[in-house]
Amino acid sequence: MADELFEDFSGALDRVSIPAYVVDSAGVIRWVNRAGRAIVGDVRGLQITSLVVPDEARRAREMFVRKILGTTEVTDFESTIVRADGGVAS
């Protein structure tokens, strides 16, 4: 049942034009939708911090830890990411 629900959910998110991803509790990217893959490539299996420029990795890690520990409800923040072609995008 849970697998079917995830397939329905991920299938729907794969068709939206906004990048979306699923990260596990260790910070490993487990799923990226089509819009996300168009920007950063297939980054499944990488740490979430590998998507941001090096100067912002610490802040990204801190925000992730806050979310995992439950000390913040939302971890919405701006960051500069590294695109699949090696360039950067805000």
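These legends go with close-up views of a predicted model of one chain.

Local features need pLDDT of at least 70 and side-chain atom pairs count only at pLDDT 80 or more, while totals for chains, interfaces and linings use all residues. Residues are numbered from 1 along each chain as its sequence is written, and side-chain values use heavy atoms, with hydrogens and water left out.

**View 1. The whole chain.**
The chain holds 3 helices and 4 strands. Helices (H or I, at least four residues) and strands (E, at least two) are DSSP runs, numbered from the N terminus. Starting at the N terminus, the order is α-β-β-α-α-β-β. The radius of gyration is 14 Å, close to the 12 Å of the globule rule for 90 residues, so the chain is as compact as a globular protein of that length. That radius is taken over C-alpha atoms, and the rule is 2.2 Å times the number of residues to the power 0.38. Along the principal axes, the C-alpha atoms fill a box of roughly 40 × 35 × 20 Å.

**View 2. Surface and charge.**
The side chains include 11 positive and 14 negative ones. Lys and Arg count as positive, Asp and Glu as negative; His and the chain ends are not counted. The centres of the two sets lie 4 Å apart. Each charge is placed at NZ of Lys, CZ of Arg, CG of Asp or CD of Glu.

**View 3. The largest nonpolar core.**
Seven residues form this core: I29, V32, V40, V43, I48, L51 and F64. A nonpolar core is a set of buried Ala, Val, Leu, Ile, Met, Phe, Trp, Tyr and Cys residues joined through side-chain atoms within 4.5 Å. Buried means under 20% relative accessible area, exposed over 50%, and partly exposed in between (1.4 Å probe, protein chains only). In the chain, 29% of the 90 residues are buried. Setting aside neighbours within four places in sequence, F64 is in contact with V23, D24, S25, A26, G27 and I48. Contact means heavy atoms within 4.5 Å.

**View 4. G41 in its loop.**
G41 sits in the loop between α2 (34-40) and α3 (57-69). Its relative accessible area is 14%, so G41 is buried. Residues up to four places away in sequence aside, G41 touches G36 and A84. R83 is 42 residues from G41 along the chain, yet their C-alpha atoms are separated by 7.4 Å.

At 16% relative accessibility, T49 is buried. Beyond its neighbours within four places in sequence, T49 is in contact with A57, A60 and R61. R59 lies in helix α3. With a relative accessible area of 43%, R59 is partly exposed. R59 and T49 are 10 residues apart in sequence and 8.9 Å apart in space, C-alpha to C-alpha.

**View 5. I68 and S25.**
I68 is found in helix α3. I68 has a relative accessible area of 45%, so this residue is partly exposed. Along the chain, I68 and S25 are 43 residues apart.
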